[in-house]
Amino acid sequence: MKKIEAIIKPFKLDDVREALGEIGVNGMTVSEVKGFGRQKGHTELYRGAEYMVDFLPKAKLEIVVANEDVERCVQTIMDTAQTGKIGDGKIFITDVERVIRIRTGEEDNDAI
């Protein structure tokens, strides 16, 4: 099993969620996060004063999938979240050793 963490632009969240649902992903965790990469933030004007916004709002999706579903999920996220502009985000893929559904005690693939 693998855990896919995707940091995307917030306005792409609904599109990505729907696209993942269409390929059979039936659960995910979403968090509102802030951060920056190469984008390094930007400047904004507020009441005539310019100030630097270092951390930009992003959405973080976390899904755990079977090994054979990883590439399809990653490609779906990339196809849906990409705008072609700086700040589209990143995808991180890590191994998951064990998953347990608390309610039933099911484990691993049965639990996801």
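Mentor: Let us begin with isoleucine 8, which touches Leu13, Val16, Lys58, Ala59, Leu61, Ala81 and Asp88, leaving aside residues up to four places away in sequence. Contact here means heavy atoms within 4.5 Å. Please note that this is a predicted model, in which local features need pLDDT of at least 70 and side-chain atom pairs count only at pLDDT 80 or more, while totals for chains, interfaces and linings use all residues. Residues are numbered from 1 along each chain as its sequence is written, and side-chain values use heavy atoms, with hydrogens and water left out.

Trainee: Is isoleucine 8 buried or exposed?

Mentor: Buried means under 20% relative accessible area, exposed over 50%, and partly exposed in between, with a 1.4 Å probe and protein chains only. Isoleucine 8 counts as buried because its relative accessibility is 2%. Of the 112 residues of the chain, 30% count as buried.

Trainee: Where in the secondary structure does isoleucine 8 lie?

Mentor: Helices (H or I, at least four residues) and strands (E, at least two) are DSSP runs, numbered from the N terminus. Isoleucine 8 belongs to strand β1. The chain has two helices and six strands in total, following the pattern β-α-β-β-β-β-α-β along the sequence.

Trainee: How are strands arranged into a sheet, and which strands form the open sheet here?

Mentor: Two strands pair if DSSP finds at least two bridges between them. In this model, four strands form an open sheet in the order β2-β5-β1-β6, with antiparallel pairing. Its edge strands, β2 (29-35) and β6 (89-95), each pair on one side only. From one strand to the next, the twist averages 20°.

Trainee: How should I describe the packing of the helices?

Mentor: Two packed helices are described by the angle between their axes and the distance between the axes. Axes are lines fitted to C-alpha atoms, for helices over the stretch in contact, and angles run from 0 to 180 degrees between N-to-C directions. Here α1 and α2 pack at about 145°, with their axes 9 Å apart. Asp15, Val16, Ala19 and Leu20 in α1 meet Cys73, Thr76, Ile77, Thr80 and Ala81 in α2. As for the sheet, α1 lies across β1, β2 and β5, at about 10° to β5. Helix α2 also packs on the sheet, touching β1, β5 and β6, and its direction makes about 5° with that of β1.

Trainee: Which residues have the most contacts inside the largest nonpolar core?

Mentor: In soluble globular proteins, nonpolar side chains tend to be buried together. A nonpolar core is a set of buried Ala, Val, Leu, Ile, Met, Phe, Trp, Tyr and Cys residues joined through side-chain atoms within 4.5 Å. The largest one here has 15 residues, and those with the most contacts inside it are Ile4, Ile8, Val16, Leu20, Ile63 and Cys73. At least two residues come from each of β1 (2-8), α1 (13-22), β5 (56-65) and α2 (70-81). Helix α2 supplies the largest share, five residues. Valine 16 touches Ile8, Leu61, Ile77, Thr80 and Ala81, again leaving aside residues up to four places away in sequence.
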